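User: I would like to learn how to read strand pairing, helix packing and charged pairs in a model. Can you take me through them in turn?

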Amino acid sequence: MSKLDDASEQLNIVVAHMRHGIVIYDRDERIRLINPCVSTIFDLGRTAIAAGDTLTDYIERIGERVGWPAERRAAIVRNHRLWAEERCSRTFDHHFDDGKILEIGFHPLREGGAVLTFVDATHERNLRGASVRRDGLAREARAMLDKVGRIASDTRLVALNASIEAARLGSQGRSFAVVAEEVRGLSRQTSDVLVEIGRINEASLSLT
């Protein structure tokens, strides 16, 4: 066995055991290498797509499995050819009906053809979505805390005005002054609690 054959055999072994899918086709659009993970991803028989099949065969079988109409399958083949001419890598997501999200990569080869990669990105995309929702909730929480803070500030101002009015009334405003002081005390406590809630909120976001 030549060194080239030995390297090719080792490459096939590595690719066969990859957790992600990979397809390599040449300038004649003939598949040269495909690992079993591709059939698993699309729930196809292990021999439904094999080395020696064409790019069109591959798109047709995948399209039949996921329910693409004929027009879309033809458009995908055209896209492959266009991207190969442009020699431009592409990455896009395919969403399955069961919620699984597959990241598909197109990487043109210098001598023609391309490498296609398939990565299950469901967990990553779900985490990203949860992060976006978390950030939105955090912004809402901060806005609410700011609003309550302004209410507390306004309450302190009202309590101060009430204290001034009570002082002007003298002995007749004594009970009024007591109430005003209690309101001012509650406002200060509210402000302290708001500061603590804000601190806990930011610490929670950082930990997440």
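**Helices, sheet and salt bridges**

Analyst: Start with the helix pair. Helix 3 and helix 4 cross in the right-handed sense. Keep in mind that this is a predicted model.

User: How do I describe such a packing, and what is the angle between helix 3 and helix 4?

Analyst: Two packed helices are described by an angle between their axes and the distance between those axes. Here helix 3 covers residues 55-66 and helix 4 covers residues 70-86. They pack at an angle of about 140 degrees, and their axes are 10 Å apart. Angles over 145 degrees count as roughly antiparallel. Helix 3 and helix 4 are therefore classed as oblique to each other.

User: Which residues of helix 3 and helix 4 meet?

Analyst: From helix 3, Leu55, Thr56, Ile59, Glu60, Gly63 and Glu64 take part. From helix 4, the partners are Arg73, Ile76, Val77, His80 and Arg81. By class, this contact has 4 nonpolar, 3 polar and 4 charged residues.

User: Now the sheet. In what order do the strands lie?

Analyst: Strands of a sheet pair through backbone hydrogen bonds, in a parallel or an antiparallel way. In this model, 5 strands form an open sheet with the order 2-1-5-4-3, and the pairing is antiparallel. Strand 2 (31-34) and strand 3 (90-95) are at the edges. Each has a single partner strand, so one side of each lacks a neighbour in the sheet. The twist averages 15 degrees from one strand to the next.

User: How many bridges join strand 4 to strand 5?

Analyst: There are 7 bridges between strand 4 and strand 5, which run antiparallel. Gly105 is opposite Thr117 of strand 5. These two strands form a hairpin with 5 residues between them, where Gly112 has a positive phi near 110 degrees.

User: What pairs with strand 5 (residues 114-120) through 5 bridges?

Analyst: That is strand 1, again antiparallel. Ile22 is opposite Thr117 in strand 5.

User: Last, the charged pairs. How many salt bridges are there?

Analyst: Side chains of opposite charge can pair when their charged atoms come close. The count here is 5 salt bridges. One of them joins the side chains of Arg81 and Glu29, at 2.7 Å from N to O. This pair links distant parts of the chain, 52 residues apart. Arg81 is in helix 4, and Glu29 is in the loop between strand 1 (21-25) and strand 2.

Key:
Residues are numbered from 1 along each chain as its sequence is written. This is a predicted model: local features need pLDDT of at least 70, side-chain atom pairs count only at pLDDT 80 or more; totals for chains, interfaces and linings use all residues. Side-chain values use heavy atoms; hydrogens and water are left out. Two strands pair if DSSP finds at least two bridges between them. Helices (H or I, at least four residues) and strands (E, at least two) are DSSP runs, numbered from the N terminus. Axes are lines fitted to C-alpha atoms, for helices over the stretch in contact, and angles run from 0 to 180 degrees between N-to-C directions. Angles under 35 degrees count as roughly parallel, over 145 as roughly antiparallel, 65 to 115 as roughly perpendicular and the rest as oblique. A crossing is left-handed if the near helix is turned anticlockwise from the far one by less than a right angle, and right-handed if clockwise. Contact means heavy atoms within 4.5 Å. Ala, Val, Leu, Ile, Met, Phe, Trp, Tyr, Cys and Pro count as nonpolar, Asp, Glu, Lys and Arg as charged, and the others, Gly among them, as polar. A salt bridge is a side-chain nitrogen of Lys or Arg within 4 Å of a carboxyl oxygen of Asp or Glu.
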